[in-house]
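Please find my notes on this model below, as numbered points for someone who has not seen it before.

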Amino acid sequence: MGIDLPLIWAVIIIFGVMMYVVMDGFDLGIGMLFPFVKDARDRDVMMNTVAPVWDGNETWLILGGAALFGAFPLAYAVVLEALYLPLILMLIGLIFRGVAFEFRFKAKPAKRHLWDKAFIWGSLVATFSQGVALGAFIEGIKVVERRYAGGALDWLTPFSLFCGLGLVVAYTLLGCTWLVMKTEGPLQQRMHDVARPLALVLLVVIAVVSLWTPLAYPQIAARWFSMPNLLWFLPVPILVLVTCYGLLRAVARNAHYTPFLLTLALIFLGYSGLGISLWPNIIPPSISIWEAAAPPQSQGFMLVGTLFILPIILGYTFWSYYVFRGKVTHEDGYH
Amino acid sequence: MSVLEALDLARIQFAFTVSFHILFPAITIGLASYLAVLEGLWLRTNQQVYRDLYHFWSKIFAVNFGMGVVSGLVMAYQFGTNWSRFSDFAGAVTGPLLTYEVLTAFFLEAGFLGVMLFGWNRVGRGLHFFSTCMVALGTLVSTFWILASNSWMQTPQGHEIIDGRVIPVDWLAIVFNPSFPYRLMHMATAAFVATAFFVGASAAWHLLRGRDNPAVRKMLSMAMWMALIVAPIQAVIGDFHGLNTLKHQPVKIAAIEGHWENVTGEPTPLILFGIPDMKAETTRFKIEIPALGSLILTHSLDKQVPAMKEFPPEDRPNSSIVFWSFRVMVGLGLLMIFVGLWSLWLRKRGTLYSSRPFLYLTLWMGPSGLIAILAGWFTTEIGRQPWVVYGLLRTADGVSNHDATQLSITLVAFVVVYFALFGTGLGYMMRLVRKGPKPSEGDHHTPGGPGQQHTPARPLSAADDYQAEVN
């Protein structure tokens, strides 16, 4: 067969997860920024910037899970079994976060602070456990004869915990710059103030991961530092620095849109870096996308529909964002 | 700790999360279509009452939908976290079906939900109606795929097994497997009936408190037409579904009937009530009607229905549970048909909106559809045991290798979180129901509009809700 189905499916899943990271990233970031904003009406505004779209954003996570199930069932089975506890924690966090969207506006004013807390802690727990799961995934999963062969707590390592913190920083920056774009007045100013330190911390996080992974994993070191790979991949770290510089400049001149777009670029670059380190393994450190692939009958069947439907999904997702474009303000609908 | 304990815990965890989950989509499926009908009628007739009802139910829909989304996300990951052997074995078939559900249904619902709930002043009437219809369509498409997947696990076909794993051969055969059409019809109809009774009970509650207005009456009227017409149809579909099960999963039927052995030459009786005892291989204290089992299940007076003892003990599902869960479902179904008929009689006499005994019964029947759905799913899923994929993979061989400690901790977490959060959510839904439809609600214009620089915030803002309650 001429078409490399596992390759195409890996690309689709990478794209889906990327969409999730970016889109739910700013939703979750908003939750983690709640503690920095005390005013209830400002919090309303923050939540309202994503209320019409968060649900669609989270759907990309479901797509990631389902497509992995269909296209790489072995990876779905082994990775999810190995990361059982962090993933369950993530799901519970997402439950708290998700219901808070509706419940916060339904609760009596006296009880609303409870749902603010649910929103904050839900976002934080979900993000942190996602980061931990990602870190554990990068570190690799022990597989013997198509089964997870590690223990219940193998995921718990200094590196995975660090990745948890790193993702918290990344999503918070996304949420922060999203709010810079979607709000105005004092709230926007507050976000402008937070953006700079957040961007610097994220740069440190990226630097630490970039050093830690090649030092700890010779495979990853070989991928990056052998010739001619080094030349091919060199633009990634350089672009990270350039983007970060641009981001700080944009924040300094109080730009509205640029900080968010540059944060997106930064996240994309970090994500590409991870991709370069792991490719083509879908269960690091040694099971590749071709070994874990579902039979072509499955991947082909899924592909036909996906290629047709995915552009339509992107179309109406874009339309929905377009309908709800512009700044969100206090007076909208609250009187 | 023994393997059995971990397996039981894994099953309890899955049963718990999926049972909670199914309640929300059932109401979502019903309400989405109801909202589409309401908006369509409003656009057609321009009667205010339809628009008032739309606004009233869309708030309840929003809360319910949110809970459905978050509890559903758990399901999408639990196949892998809790049933990794099953996922590796059958992922090539169930994975693509689930992927299609996400692509064709979840995105559709989520993509248009924002406009449906918050877009009244941002898009034109036609486009808004289109969004509502897309959400409703999404719920039905979702039903299609998830039931295709579930039905394939009940009556698998269109595959072959290579290296101990399922390989799809014929996707049409997989999707349209023998039990799929019946299960799909039965579940979709169940969602509509359950929603009708939920809506009907809400109307009855208001009427019983003397809060009589055209919108409340319209709610009750529409709900009772549904009950009258669709509840009997559901009984017929259920009968066909039962016959289909008899053909493909005879031991499930035997367990449902608590039927242990046939006497040569005699038709099978129907056991109305009794207590099936799996160890003693008999049904105790049974009240039975001669030959009725044969009549219902074979539509004849001489053919016998398969009995439990014809199957090896390790292949028998737990009759003690499915015997009763089935009777709960059927009992509630008959009661629903009765309510529908009573409503017709009262309608003819002109006392539909004032008969207190009827309104009380309708009120108490509010959760009946949801209970019947749970009972039905318990019957069909526990009746599938000891298989996870019928005849191909036993449940015990599909489970992940977690120890009982891990599973206990997560199970407790799920139970606490689900009861606390979804309990609160149901409380909010009930509070919205108690407020009732308000005339001309949602007519006031919030600032902004298509192409304007202001996003009108949620029409469902708490400030409004709370105000309405205080008033």
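1. Helices (H or I, at least four residues) and strands (E, at least two) are DSSP runs, numbered from the N terminus. This is a predicted model, in which local features need pLDDT of at least 70 and side-chain atom pairs count only at pLDDT 80 or more, while totals for chains, interfaces and linings use all residues. Residues are numbered from 1 along each chain as its sequence is written, and chains are lettered from A and ligands numbered from 1 in the order in which they are written.

2. Strand E4 of chain B, residues 282-289, contains Ile287(B). Ile287(B) counts as exposed because it has 10 C-beta neighbours inside 10 Å. The cut-offs are 20 or more other C-beta atoms within 10 Å for buried, 12 or fewer for exposed, and partly exposed in between, with C-beta atoms placed from the backbone. Leaving aside residues up to four places away in sequence, Ile287(B) touches Leu272(B), Phe273(B) and Gly274(B); contact requires C-beta atoms, placed from the backbone, within 7 Å.

3. Chain A has 14 helices and 4 strands. Its radius of gyration is 20 Å, close to the 20 Å that the globule rule gives for 335 residues, so chain A is as compact as a globular protein of that length. The radius is taken over C-alpha atoms, and the rule is 2.2 Å times the number of residues to the power 0.38. Of the 335 residues of chain A, 55% are buried.

4. In chain A, helix H12 covers residues 258-278. Its 21 residues should span 30 Å at 1.5 Å a residue, and the end C-alpha atoms are 30 Å apart, which agrees; the expected span is 1.5 Å times one less than the number of residues. Among the buried residues of H12(A) are Phe260(A), Leu266(A) and Leu278(A).

5. Which parts of chain B make up its two domains? Domain 1 is 1-177 + 403-471 and domain 2 is 194-401, with bounds from an automatic or database domain assignment. Their centres, taken over C-alpha atoms, are 24 Å apart. The contact takes 30 residues from domain 1 of chain B and 31 residues from domain 2 of chain B.

6. Between the chains, 70 residues of chain B are in contact with 69 residues of chain A. H3(B) gives the most to the side of chain B that touches chain A, with 22 residues. That side has 40 nonpolar, 25 polar and 5 charged residues; Ala, Val, Leu, Ile, Met, Phe, Trp, Tyr, Cys and Pro count as nonpolar, Asp, Glu, Lys and Arg as charged, and the others, Gly among them, as polar.

Technical notes
Two residues are in contact if their C-beta atoms, placed from the backbone, lie within 7 Å.
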